[in-house]
Amino acid sequence: MKTSLLLFLVVFQTACCNNPTAKKMLSDSLLLVGADSDDHGCKRSAGYLWSEVRGDCVRLWEVGVALHPIVVDSTATATMASYAIFAIDSSRVELFSDSVHEILVKKESLWSSNSRQLLSRDGIYIVFKDGAEVLRSQEN
């Protein structure tokens, strides 16, 4: 059995080494493994995304606050997963969801952008869009 496997590997390697097309295919497939880094070097296959407010690659579920959709009507489609990543000094917060990637800036007691606001009330984070509550964290 070991001899058959060894013989197969030798024949396979010889065939690949003598065939330029096979060599190219083999080298291309080896280069693709783990070659999913974005412009900042974050490996998406490992769950890393670039965070502008942190200036680093992060995993949302490790450093972010999970936000859950507020569904008012049963026919509305809900966002599956949203996260808020806070800058180390809390001056900005970055919202990530399936349809939004937005940075909110702290102004007095809340963080805001043109269309969204995030506030902290009794340890719960609440996101408003155009005045309506759309996302909320769970109690700690």
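The chain holds one disulfide, counting a pair of cysteine sulfur atoms within 2.5 Å as such. Cys42 and Cys57 form that link, with their sulfur atoms 2.1 Å apart. This is a predicted model, in which local features need pLDDT of at least 70 and side-chain atom pairs count only at pLDDT 80 or more, while totals for chains, interfaces and linings use all residues. Residues are numbered from 1 along each chain as its sequence is written, and side-chain values use heavy atoms, leaving out hydrogens and water.

**The disulfide**

- The link of Cys42 and Cys57 is left-handed, with -85 degrees about the S-S bond.
- It ties together distant parts of the chain, 15 residues apart: Cys42 sits in the loop between helix H2 (20-32) and strand E1 (49-51), and Cys57 in strand E2 (residues 56-58).
- Cys42 has a relative accessible area of 0% and is buried (under 20% relative accessible area, with exposed over 50% and partly exposed in between, using a 1.4 Å probe and protein chains only).

**Overall make-up**

- Three helices and 10 strands make up the secondary structure of the chain; these are DSSP runs numbered from the N terminus, with helices (H or I) of at least four residues and strands (E) of at least two.
- Of the 140 residues of the chain, 25% count as buried.
- The chain exposes about 9,800 Å², and carbon and sulfur atoms supply 57% of that area (Shrake-Rupley method with a 1.4 Å probe; for residues, only the protein chains shown count as cover).

**Nonpolar cores**

- The largest nonpolar core has 10 residues, among them Leu67, Phe86, Val93, Leu104 and Trp111; such a core is a set of buried Ala, Val, Leu, Ile, Met, Phe, Trp, Tyr and Cys residues joined through side-chain atoms within 4.5 Å.
- Strand E4 (82-86) and strand E5 (92-96) each supply at least two residues of this core.
- A second, separate core of eight residues includes Leu49, Val53, Val58 and Phe96.
- Beyond its neighbours within four places in sequence, Val93 is in contact with residues including Val53, Ala84, Phe86, Leu104 and Trp111 (contact means heavy atoms within 4.5 Å).

**Strand pairing**

- E5 and strand E6 (residues 101-107) run antiparallel, joined by five bridges (two strands pair if DSSP finds at least two bridges between them).
- These two strands, E5 and E6, form a hairpin with four residues between them, and Arg92 has Val105 in E6 as its bridge partner.
- Three bridges pair E6 with strand E7 (residues 110-112) in the antiparallel sense, and Lys107 has Leu110 in E7 as its bridge partner.
- The hairpin of E6 and E7 has two residues between the strands, and Glu108 there takes a positive phi near 60 degrees.
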